[in-house]
Amino acid sequence: MINVSPIGRNCSREERLQFHEYDRVGSVMTSDSQEAFRLQIVDLASVLVCADILMHNPLQEAKIREKFVKAAEDRFSDFGLKFSIGGQISFDVFPLGWDKTYCLRHVESAGFKAIHFFGDKTFEGGNDHEIYNDPRTVGHTVKNTEDTRRIVTELFLR
């Protein structure tokens, strides 16, 4: 698996939070963060050969990772790869079938009555989508650790 971060893995905590919010809803980034982002995205685009993304000036619209994933899917459609948005600042690239459902082959024969999965990226294109929707699991969409704790308590500790 390859993890790709348009903002760069070396971004500060503040830049990470700004990028996440910008990517999510298109809020304004500081000028310093915009410049750092502009440099990072140019480098990444040249590596991925996805320069078509840059034609739309990504700093004026949100959903940067969604656009990268779409461009990469289009560009590398014959390579047997899956692209999934994960975390706050990145997306994953891996061979088809190597998503989070891969782990189920190791636990499904253990005799569990149910396998519960908790994830925040359960939407189409998110890195939790496949396992969340797998018939071998009971999927739960959560927002944060407190949400997970609440659901686990309701299900198993009452």
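**Salt bridges and helix faces in the predicted model**

Glu 130 is in contact with Lys 82, Asp 99 and Thr 101, leaving aside residues up to four places away in sequence. The model here is a predicted one. Glu 130 sits in helix α5 (residues 129-133), and at a relative accessible area of 19% it falls under the 20% cut-off, so it counts as buried.

Helix α3 (residues 64-75) runs 16 Å from its first C-alpha to its last over 12 residues, close to the 16 Å expected. Its buried residues are Ile 64, Arg 65, Phe 68, Val 69, Ala 71 and Ala 72. Looking down the axis of α3, these fall within an arc of 170°, so they line one face of the helix.

Salt bridges number 10 across the whole structure. One of them pairs Asp 23 with Arg 65 at 2.6 Å, N to O. Since Asp 23 belongs to helix α1 and Arg 65 to helix α3, the pair ties together parts 42 residues apart in sequence. Asp 23 is buried at 5% relative accessible area, and Arg 65 is buried at 5% as well.

Helix α1 (residues 13-25) also holds Arg 24 and Glu 21, three residues or about one helical turn apart; their closest N and O atoms are 2.9 Å apart in a salt bridge. Arg 24 is partly exposed at 45%, as is Glu 21 at 28%.

Over in helix α6, Asp 147 and Arg 150 are likewise three residues apart and form a salt bridge at 2.6 Å. Asp 147 is buried at 12%, whereas Arg 150 is partly exposed at 41%.

Terms used: Residues numbered from 1 in each chain as written. Predicted model: local features only at pLDDT ≥ 70, side-chain atom pairs only at ≥ 80, totals over all residues. Heavy atoms only, no water. Helix = DSSP H or I, 4+ residues; strand = E, 2+ residues; numbered from the N terminus. Expected span 1.5 Å × (residues − 1). Buried < 20%, exposed > 50% of the residue type's maximum accessible area, 1.4 Å probe, protein only. Arc of directions from axis to C-beta. Contact = heavy atoms within 4.5 Å. Salt bridge = Lys/Arg side-chain N within 4 Å of Asp/Glu carboxyl O.
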